[in-house]
Amino acid sequence: MQFHSTRSDTLVCIEQAIMSGTAPDGGLYVPELLPRFAPTDFDGNTEFASIAAQLLAPFFAGSSLQNELDAICADALNFPVPVRTLEDDAGSLAVLEMFHGPTAAFKDVGARFLAANMARIIEHGEYAQPPVTILVATSGDTGGAVAAAFHRRAGLRVVVLFPDGRVSARQQHQLTCWGDNVISLSVRGEFDDCQRLVKEAFADPQLRARHSLCSANSINVGRLLPQSAYYAKASLDYWRATGQRCNFIVPTGNLGNGFACVWAKRMGMPIDRIVFATTANTTIPDYLASGDWQPRPSIPTLASAMDVGDPSNMERLRALVGDADALREEIQAAAVTDDIIRATIVDEYARHAIAWCPHTATGLHVYRELAESLRQDAHWIVVATAHAAKFDSIVEPLLKTEVEPPPELAELLNWPASYDTIDPELPELASRL
Ligand SMILES: *Cc1c(COP(=O)(O)O)cnc(C)c1O
């Protein structure tokens, strides 16, 4: 299959789409068509990695990666994505736990799949001259997932830029504990300075060529595709057990995770309703309500990984579905304030003795607020996008108890960390590359 930009019809192969990230015209790569499955096509296929391989096979057909897709999925998607049912008087509620990967957030899925693909594309000797340098600016979650995914991958290096003193202690540890082919740089400035430096580096043709610079940001189609697979797995499991379609509530920021859910549904997975939960960054719910697309600067909230005022993947969603009228038929969205996030973390702990992260809390609140008619006779799955222990400084004071990190995260927290600090100037960055 081939891919094209949301802004043109020119086709490129999947290797090209993955290695270049964004299209030259500034648009986002999308597949020329979506394959269509029946749930029964997956009969006998029960594992996350093998469901992913079957679902994604049409996208890789005809590419140099086609025969390696099974191996890529087995390599990248090597952790469980369990659905945990919660006792609930008011309806049927479960949580899709996306925090069993190395950095305890769903971004491990996309980052690991992207890394497994890039490593093979480079090995094949096309599209990029090794060593390829992945340059990533992060305000927290993304950088850790990308560093973990590319750590010790042959032919690849990662340079992570984060704002000095502005990420939490645990987050910083996940950005700086890798060594080997991962360089961590603390930038004297804000996240915006980190992002500007990355942009300046990519805009410098010499620097770009000398280091074969590549990006691994969340709009890369190689990160988005595998995310459809956990929606496929969770919805197929429920459909096999009950013959019913399930509904999803997706905590949403840049709209990658939510968009992947729409893809899974459009590919024929047994999914009924899809609801996006946002923070006080209400660009998406406002658009659905008013029909006016009004991107704006982001506002910091407790669910920091969802603080996006101009969600990039809306461009893909509108290209696929249409304008606000068409979108309303397919999705809903609701915003959740910080006060409600706090209250939800406390309430849900009282209910089930489980600590949820601030992002997941937005989804749980949206479930509680659903009209009764939507909750009854319907099964809802809230996506738990990260483990609460990643956000200990928010969650622990609210619950007045310690939140144990999951084993993968606990292991990382024991590794020694190291990083350099630089001024927010391109020559400083260039000298470290
Ligand atoms: C990135 C992230 C989100 C938001 O996901 P998008 O794909 O940007 O919508 C939500 N929760 C957590 C924990 C994240 O890291």
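This is a predicted model: local features need pLDDT of at least 70, side-chain atom pairs count only at pLDDT 80 or more; totals for chains, interfaces and linings use all residues.
1. **Helix 2 and helix 10: geometry.** Helix 2, which covers residues 48-60, and helix 10, which covers residues 227-242, have axes that come within 9 Å and cross at roughly 115°. Because angles of 65 to 115 degrees count as roughly perpendicular, helix 2 is described as roughly perpendicular to helix 10. The crossing of these two helices, helix 2 and helix 10, is right-handed.

2. **Helix 2 and helix 10: residues.** On the side of helix 2, the residues that take part are Phe48, Ile51, Ala52 and Leu55, and they meet Ser228, Ala229, Tyr230, Ala232, Lys233 and Leu236 of helix 10.

3. **Helix 2 and helix 3: geometry.** Helix 2 also packs with helix 3, residues 69-76, at an angle of about 135°, and the axes of the two are 9 Å apart. Helix 2 and helix 3 are therefore oblique to each other, and their crossing is right-handed.

4. **Helix 2 and helix 3: residues.** From helix 2 the contact with helix 3 draws on Ala49, Ala52, Ala53, Leu56, Ala57 and Phe60, while helix 3 contributes Leu69, Asp70, Cys73 and Ala74. The residues of this contact of helix 2 with helix 3 divide into nine nonpolar, no polar and one charged.

5. **Helix 15 and helix 18.** Helix 15, residues 338-352, packs with helix 18, residues 392-399, at an angle of about 55°, and their axes are 10 Å apart. That angle makes helix 15 oblique to helix 18, and the crossing of helix 15 and helix 18 is right-handed. Here Arg342, Ile345, Val346 and Tyr349 of helix 15 meet Val395, Leu398 and Leu399 of helix 18, and the residues of the contact divide into six nonpolar, no polar and one charged.

6. **Residues around the ligand.** Which residues come nearest to the ligand? There are 14 residues around the ligand, and of these Lys107, Asp141, Gly253, Asn254 and Thr385 come nearest.

7. **Backbone atoms at the ligand.** A backbone N or O atom of Gly253, one of those nearest residues, lies 2.7 Å from an oxygen atom of the ligand. For Leu255, a backbone N or O atom lies 2.9 Å from an oxygen atom of the ligand, and for Asn257 a polar backbone atom is 2.9 Å from an oxygen atom of the ligand.

Methods
Residues are numbered from 1 along each chain as its sequence is written. Side-chain values use heavy atoms; hydrogens and water are left out. Axes are lines fitted to C-alpha atoms, for helices over the stretch in contact, and angles run from 0 to 180 degrees between N-to-C directions. Helices (H or I, at least four residues) and strands (E, at least two) are DSSP runs, numbered from the N terminus. Angles under 35 degrees count as roughly parallel, over 145 as roughly antiparallel, 65 to 115 as roughly perpendicular and the rest as oblique. A crossing is left-handed if the near helix is turned anticlockwise from the far one by less than a right angle, and right-handed if clockwise. Contact means heavy atoms within 4.5 Å. A residue is near a molecule or strand if one of its heavy atoms lies within 4 Å of it. A polar contact is a pair of N or O atoms within 3.5 Å; within protein, one must be able to donate a hydrogen and the other to accept it, and residues adjacent in sequence count only if both atoms are side-chain atoms. Ala, Val, Leu, Ile, Met, Phe, Trp, Tyr, Cys and Pro count as nonpolar, Asp, Glu, Lys and Arg as charged, and the others, Gly among them, as polar.
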